[in-house]
Amino acid sequence: MTEKADASPLLANVCRTMPYTAYVGVSSYAIVFRSLDAASFFVGLLVNEAVNHLAKAILKKAGPSSSLLKRPEGAADTGIYPQHHPTKSTTSGMPSGHAQTSAFCAVVLTHAVWDSGAAFPLCYIWSVALLVMVSRTRFGGILAVSVGGKRVAQHTVLQVLVGAILGCVLGHGGVLWWKGGAGYLVCFAVALQALFITIVAALLEEMCAKREGPYEGLTELEFQDKRGPGQKEAQRRSPRKRSTKN
């Protein structure tokens, strides 16, 4: 039986480790049952993971300081496995890898069970995928990662949506390609288009932020830190204007 101290983060840990759970489960099925379909599914998962890392690298190169790429304030311990000493995340959150992998798996498994006409498997597949996606946002609740006893969001909703879109179109395109059907190139083109739109949005957002000035949107504490000690000292020594009121 699970101890009380370990019960609270159980659901959160299940959601955060879902990508590796998928890798291990699919690869084990492929090996044990010598399934070529499962082996292809596993290769597709690896390709999907590579696309996610490539997309993050391209976006970070295109708009390194864009707020669209930054994780939510306070995001920490963002990896698949919990850290013993969580630190604030400095990595790009666009697109969400958890959302992309969950959507990819959901679409591939939907193709696998679609012909059976059974509703329950479809509900189960997409329920798990959606719960994993939601767990990465500020709406995660008990599914969200807890750092120092406080639940924190690991991605913005937009980052999760973009990841889900990429995962869906890549999963659908991969299945069409594996079955030899037409239309897989369209799916891959849609994925590239989604990535291109995200890059343009990040560039435009960064350009607008630079025009607004370096101190735009900062808190008072961040504003003081940005100004540096020289400007702080100058402000302290400058005489204040006396009030003209009697």
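Here is a short tour of this protein, from its overall build to one helix and the record's annotations. The model is predicted. It holds nine helices and two strands, and 36% of its 246 residues count as buried.

**Overall build**
- Starting at the N terminus, the elements follow the order α-α-α-α-α-α-β-β-α-α-α.
- Take the contacts between residues at least 6 apart in sequence: 64% of them join residues at least 24 apart.
- The protein exposes about 15,800 Å², and carbon and sulfur atoms supply 65% of that area.

**A closer look at helix H6**
- Helix H6 covers residues 119-135, which makes 17 residues.
- At 1.5 Å a residue, helix H6 should span 24 Å, and this agrees with its end C-alpha atoms, which are 24 Å apart.
- The buried residues of H6 are Leu 122, Ile 125, Ala 129, Val 132, Met 133 and Ser 135.
- An α-helix has 3.6 residues a turn, so residues three or four places apart point the same way.

**What the UniProt record lists**
- An unreviewed UniProt entry lists residues 118-135, 156-177 and 183-204 under "transmembrane region".
- In the model, residues 156-177 are 95% helix and 0% strand, with end C-alpha atoms 32 Å apart.
- Residues 183-204 are likewise 95% helix and 0% strand, and their end C-alpha atoms are 32 Å apart.

Methods: Residues numbered from 1 in each chain as written. Predicted model: local features only at pLDDT ≥ 70, side-chain atom pairs only at ≥ 80, totals over all residues. Heavy atoms only, no water. Helix = DSSP H or I, 4+ residues; strand = E, 2+ residues; numbered from the N terminus. Expected span 1.5 Å × (residues − 1). Buried < 20%, exposed > 50% of the residue type's maximum accessible area, 1.4 Å probe, protein only. Contact = heavy atoms within 4.5 Å. Areas by Shrake-Rupley, 256 points an atom, 1.4 Å probe, with all protein chains shown as cover. UniProt positions renumbered as here; feature names shortened; annotations may be inferred.
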